[in-house]
Amino acid sequence: MKLTLETLINNIHDYRAGERIELSGEIYTARDQAHKRIAALIDSSEKLPFDLRNSCIYYCGPCPAGNDKIIGSCGPTTSSRMDFYTPKMLSGGVKILIGKGNRNSEVIESIKENGAIYLLATGGVGALFAQKVKKAELIAFEDLGPEAVYRLSVEDFPLTVGIDCFGNNLFDERKKCF
Amino acid sequence: MRNVKSEDIISEIEKMCADVNYNLPCDVAECVASLVKNDKSIQDNILLEILQNAQVAAKEHIALCQDTGTANFFVKIGKNVNITGDDITSSINKGVERGYRKYFLRKSIVFDPIDRKNTQTNMPANIYCDFVEGDKIEITMLAKGGGSENASALKMLVPSDGWNGVKQFVLEAVKQKGANACPPLIVGIGIGGDFASVGFLAKKALLRQLGSANISEDYNCREKELLGEINKLGIGPMGLGGKVTALAVFIETKPCHIASLPAAVNIQCHSCRRKTIIL
């Protein structure tokens with residue numbers, strides 16, 4: 001199902017774990033070191049690189065763009081490394097998380113409390129994701145290289161709802177089957 | 001003595017960085033294709049995405065995965081080869097620096113594990129040299145992603161643990177962290193040697209062609225046995241369930257001390273990027 005970021009945020013209760021979507025809109029890349037810095041900025045009440053309210057964080061450290069390209073390979077990284085920082089991001093207003101793999105119980109609780117959603121992207125297919133990025137801008141922490149924050153305009157990003165706003169978790173569904 | 005110019009090694013390594021990162025090896029693509037069921041499930045769709053991604057990457061000259069990895073090199077240097085100019089280590093590192101910059105590959109290495117400042121060159125590479133007969137240099141590159149490397153494990157077992165102990169250790173490692181390592185996986189296992197060398201054995205095991213048999217009949221059976229048990233764990237593609245958790249299990253062994261039974265498991269994601277050249 002094709003939908004925009006706004007539609008997803010405004011109707012977040014309608015999407016359940018296991019549902020496949022193609023998402024379009026503006027998303028922000030942030031992984032390990034960017035999370036560490038954003039968390040420190042929140043703690044010291046300093047200006048953040050982007051408005052966290054109703055935003056979407058994509059756990060991704062892209063390859064550099066080739067000469068005639070918008071971006072290089074840009075698939076997801078393992079989300080659980082960001083678990084430590086995620087409740088703070090969600091309290092700050094982030095609504096959508098995109099990454100790969102399961103999350104810990106604190107993150108799942110925080111997703112429920114904040115009415116957020118966690119979407120899964122397939123790992124190791126970053127060339128496919130690069131085809132769906134229409135614009136990429138570096139917006140913060142350039143010194144971090146691939147770990148800098150980029151604003152990406154994406155079209156029809158192929159994703160699956162991993163954890164919905166009720167805390168239903170696709171990884172638990174999987175366990176029940178075996 | 002045959003002379004090989006370091007500049008030739010550097011330019012070959014430079015090209016190899018692109019080749020390894022843009023092209024999924026045929027044996028890997030064929031193995032994934034053989035598992036597609038066309039049943040429209042999430043798991044099956046992941047296998048199709050892997051195949052589609054390989055086509056896009058090769059055509060568009062774009063990396064298969066954004067994690068273009070730590071550059072690992074397994075080098076066999078003939079005793080009748082003389083390298084002129086730079087030594088082999090700096091030649092490979094220069095090739096990595098040039099290749100990762102020229103072909104827009106991600107620089108994923110930090111200077112210090114605690115401070116974490118990026119080297120911005122993807123150097124240094126991990127280089128393992130072996131000295132052999134002949135007048136050639138054989139270089140195998142393995143671009144190894146961090147996510148699957150993080151799922152790897154090492155354990156010093158004792159002789160009484162035997163094969164069953166090794167098997168339980170491997171199964172536990174895959175069960176604990178395999179889902180985060182981008183399955184379907186290739187599971188490299190090292191048994192024997194010592195603490196330092198058993199990890200290397202596990203990594204070296206990942207270089208085997210999918211579908212190839214272990215030269216030892218006993219270990220060939222053990223590989224099949226473990227593959228069967230791993231695929232019964234229910235992890236499935238990207239950890240979303242199913243029978244396709246691993247594509248292969250490869251074991252490398254080495255003699256060891258009478259008191260020891262070292263075992264290591266090096267997990268490889270489905271994007272098993274490797275290539276060998278001979279100079």
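This is a predicted model: local features need pLDDT of at least 70, side-chain atom pairs count only at pLDDT 80 or more; totals for chains, interfaces and linings use all residues.
**Entry 1: chain A as a whole**

I began with the secondary structure of chain A and found 6 helices and 7 strands. Reading from the N terminus, I wrote down the order of these elements as β-α-β-α-β-α-β-α-β-α-β-β-α. For its extent, I noted that the C-alpha trace of chain A spans about 45 × 40 × 30 Å along its principal axes.

I also looked up burial, and buried residues make up 48% of the 178 residues in chain A. Turning to contacts in chain A with a separation of 6 or more, I recorded that 63% of them come from residues 24 or more positions apart.

**Entry 2: where chain A touches chain B**

Here I noted that 36 residues of chain A are in contact with 37 residues of chain B. On the side of chain A that touches chain B, α5 (126–130) and α6 (170–177) of chain A each supply at least two residues. Sorting the residues of that side by class, I found 16 nonpolar, 18 polar and 2 charged.

**Entry 3: a sheet in chain B**

In chain B I followed an open sheet of 4 strands, whose order is β6-β9-β7-β8 and whose pairing is mixed. Its edge strands are β6 (153–157) and β8 (246–256) of chain B, each of which pairs on one side only. Ignoring direction, I noted that neighbouring strands of this sheet are turned by 15 degrees against each other on average.

**Entry 4: two helices in chain B**

Which helix do the residues of α6(B) meet, for example W163(B) and K167(B)? I found that W163(B), K167(B), V170(B), L171(B) and V174(B) meet R222(B), L226(B), E229(B) and I230(B) in α8(B). By class, this contact has 6 nonpolar, no polar and 3 charged residues. The axes of α6 (residues 162–177) and α8 (residues 217–230) of chain B come within 11 Å and cross at roughly 35 degrees, and the crossing is right-handed.

Methods: Residues are numbered from 1 along each chain as its sequence is written. Chains are lettered from A and ligands numbered from 1 in the order in which they are written. Axes are lines fitted to C-alpha atoms, for helices over the stretch in contact, and angles run from 0 to 180 degrees between N-to-C directions. A crossing is left-handed if the near helix is turned anticlockwise from the far one by less than a right angle, and right-handed if clockwise. Two residues are in contact if their C-beta atoms, placed from the backbone, lie within 7 Å. Ala, Val, Leu, Ile, Met, Phe, Trp, Tyr, Cys and Pro count as nonpolar, Asp, Glu, Lys and Arg as charged, and the others, Gly among them, as polar. Two strands pair if DSSP finds at least two bridges between them. A residue is buried if 20 or more other C-beta atoms lie within 10 Å of its own, exposed if 12 or fewer, and partly exposed in between; C-beta atoms are placed from the backbone.
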